[in-house]
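Please read these notes with the model open beside you.

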Amino acid sequence: MVPYFSILIMMGFVGILGTAALVMNKIMGPKNFYKDKLSPWECGMPPVGDADRGHFKVHYFLIAILFIVFDVETLFLFPWAVLLADKTISLFIFFEMIIFLVILAVGLAYAWKKGALDWV
Amino acid sequence: MLIEYILFIIFAVIAIMSSLCVVTLRNPVHCAGYLIVTLLQVAALFLLCRSPFLAVVQVFIYVGAVLVLFLFVVLLIDVKKASMEIFKPKHRPLAYGVLAILLIETLVVIFVGGLEKIRLAAPGAEVKVETIGRELFTSYIFPFEIVSVVLLVAMVGAIVMAIDRRG
Amino acid sequence: MNFAFSIQDVLGVLPEIIIALGACAMLILDLFLERDKKEWVAYLGIFVVILAAIASWCLINTAEPYVMGRMMVIDNYSLFFKFTFYLATILTLLLSINYAKSADLDYRGEFYTLMIFSLCGMLVMASGSNLITIYLGIELMALPIYVLVGFLKNDTRSNEGAMKYVILGGFASGLLLYGMSLIYGLTGTTDLAGINAALSAGTVSPVILTLSIVLMAAGFCFKLAGFPFHMWAPDAYQAAPTPVTAFMAVASKGAAFAAIVRVFLEALYPAYAEWQMILAVIAVLSMFYGNTVAIMQTNIKRMLAYSSIGHAGYALLGLVAGTGEGSAAIMFYILVYTLMNLGAFAVIIMMRKTGKVAGDSIYDYKGLAKNNKVVALVMLIFLFSLAGIPPMAGFMGKLYIFMALINQGYIILAVLGILTTAIAAFFYIRIVLFMYMKEPEGEFDLVKSCALYIVIAISVIGVILLGVVPGSLMELASKAALLL
């Protein structure tokens, strides 16, 4: 059988549930759209420019990139954690991962000191 | 085996349909949403190929991280203007021509090139997370450590580009 | 997989480790320095590179070249390239210190740190004996340079150049990876020697092999700015801060050559008949395109960008020859190209007056000889060397390449090479004429800096010495060359 088959089934079930909720809403929900209701509210004035989009801080983008970096780092921890049970190489790979983490910790320290993590 | 076959058909059909939505829909946010669906289907296909680690990588990196970045970019650009962009009709024959050539080329490579001879693993064998880890942390120790330096540079580069504080 | 890890493995990659840790140290040091002391980051960088060079020196003629489970190979070929990169990086750092002050970039120590990170990638590329290591080296080399090209953030052209470079660079990486994965599918290994063995056995599908060779050639040619894949080069070269342009032009091109020569000669040599034609076409087109379009340029950085496309064509011809002689000629050529190009860029930086950018247009060089005879003379030496006029080193570099071709019977390619050299001479000599024959239009206000003088002195001595007595260095290169 396919490994992790139960997880596959669960994901499928979640997907079906979500889609079903959306479809049911589409079918059964009351629909009463008109122009004024759909337009974004801006002080009672007709909206100017990109009122519906709002302002977007570039800082979000930086956070997203830092997130990707640490996301990739986390990914490497999975096979590492599985392998740690093997006593013949556990010590070796333990220090190997420590080196990996220390190099990335330098990046974290740099980001911190540069104020990349400050919001204002 | 039959249930796997049925599952494969389901995932593949959803993947193709949602990827068609990605390229045909006008609103970039909807496109990104359908891209998530496509990538999740591909992750499920990896699972069917008995590569659970690859499936996790797919969900983690693409769905988790890259798509977040995608959506941020979509928010940074002007959605209304982007959704108004349409191809000019006179450019369509060119696009269809390129598409046809690529399709023929792919078919030639698959059926004439002898791709079916390529066997990377015994059919049906599971690629365990442990197997990948053992290779990664012993034979590929040096590339693994280089990856950490590449990630560090990516981080530094992003900060250099985004933060401009003097003093 | 039996795996034995010993101290030998660590010693083999000690230069890379020193550079990576040194770059981290520079990153940390930069956080604690005041604005007017940022140049200490650059001095630390030079110190780190010298340390790595000493470590590399101890590895010459090492008994067991393969380390880290055959991921890296420490042969004399890689060490030759590594010393070229060390030299290029030190000279670029010296150029940068003064430039950063005048371009208002000196509040960022990362300018120097990113170069050292890039150097780390180049070392990995030169030593990689596995497609995975080589690919990671390419990415580690390119990533800092993307950022460095866009370092002038208030300059929209700099942003545009960086943007083009990133997007096309990502595309080329994709092509390269696709080619590599097809090779892996065909041979079942990413180890270069293993690929060679599998291809020699001759059971692989020729259609897919050709496809993967085309894809890999395209990916590599992007990195070394060969003709159909050069589109990023003029914009990125012109827009980048001048020391970064120099660094890109010499070091990243050199690293791309180190990797492509190793991959094509060590792994893909059994398919020589398939790839020599592809590379020959790319080389000839690069020579013609680069050298003819350079004639029309009025911006000197853009002109040197096109000329670098032409130079990539000449060096590729050495690979087309497919012999040890050819690869030795490439090694010599890259070293010479590094010296003469860095020298020319040093003069360009010297022309830069404080406050406003000057020295970018070729018309700025009018009457330079009337004002400063020494600077005009060294610029003349570099330009003659780039054009390939004896007795400068550039001539010897081209000569060895053409000799390697003729010895393999590629007379037509050698003739085409010589023909384009004649075209190229036109735009180099035009600047010489501007310097010596025209009257100066304004006041020259040359930058006076000890670091710039050192760079120019080293380059001039190197260019003349290698031009007059190239023998001993060429002998070194021949001994270190691949495929003897």
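The numbered points below take each topic in turn.

1. Basis. This is a predicted model; local features need pLDDT of at least 70, side-chain atom pairs count only at pLDDT 80 or more, and totals for chains, interfaces and linings use all residues. Residues are numbered from 1 along each chain as its sequence is written, while chains are lettered from A and ligands numbered from 1 in the order in which they are written.

2. Confidence in chain B. The mean pLDDT of chain B is 83. In chain B, 84% of the residues reach 70 or more. (pLDDT is the predictor's confidence in each residue, from 0 to 100.) Among the elements of chain B, helix α4 (residues 79–84) has the lowest mean pLDDT, 60. Helix α7(B) has the highest, 93. Helices here are DSSP runs of H or I of at least four residues, strands are runs of E of at least two, and both are numbered from the N terminus. Where pLDDT is low, the predicted coordinates should not be read in detail.

3. Chain A domains. The assignment gives domain 1 (1–29) and domain 2 (58–120) in chain A. Such bounds come from an automatic or database domain assignment. The C-alpha centres of domain 1 and domain 2 of chain A lie 33 Å apart.

4. Chain B against chain A. Chain B gives 44 residues to this contact and chain A gives 40. (Two residues are in contact if their C-beta atoms, placed from the backbone, lie within 7 Å.) On the chain B side, the elements giving two or more residues are α2 (28–48), α3 (52–76), α6 (129–139) and α7. By class, that side has 32 nonpolar, four polar and eight charged residues. Ala, Val, Leu, Ile, Met, Phe, Trp, Tyr, Cys and Pro count as nonpolar; Asp, Glu, Lys and Arg as charged; the others, Gly among them, as polar.

5. Chain C against chain B. Here 31 residues of chain C are in contact with 28 residues of chain B. Helices α2 (14–31), α5 (110–127), α6, α7 (156–187) and α9 (206–223) of chain C each supply at least two residues of the chain C side. Of these, α6(C) gives the most, with eight residues. The chain C side divides into 22 nonpolar, five polar and four charged residues.

6. Packing of α7(B) on α6(C). The axes of α7(B) (residues 141–162) and α6(C) (residues 131–149) come within 10 Å and cross at roughly 15°. Axes are lines fitted to C-alpha atoms, for helices over the stretch in contact, and angles run from 0 to 180 degrees between N-to-C directions. The two helices are therefore roughly parallel to each other (angles under 35 degrees). The contact residues include F142(B), I146(B) and V150(B) of α7(B), with L136(C), L140(C) and L143(C) among those of α6(C). By class, the contact has 16 nonpolar, two polar and one charged residues.

7. Packing within chain C. The axes of α14(C) (residues 324–351) and α16(C) (residues 373–387) come within 9 Å and cross at roughly 145°. M340(C), G343(C) and A344(C) are among the α14(C) residues in this contact, and V375(C), F382(C) and L386(C) are among those of α16(C). The contact divides into ten nonpolar, two polar and no charged residues.

8. Backbone points to check. The peptide bond from P390(C) to P391(C) is cis, with omega near 10°. P391(C) lies in the loop between α16 and α17 (393–407) of chain C. M68(C) is not a glycine, yet has a positive phi of about 55°. M68(C) sits in the loop between β1 (66–67) and β2 (72–73) of chain C.

Definitions and conventions
Parallel < 35°, antiparallel > 145°, perpendicular 65-115°, else oblique.
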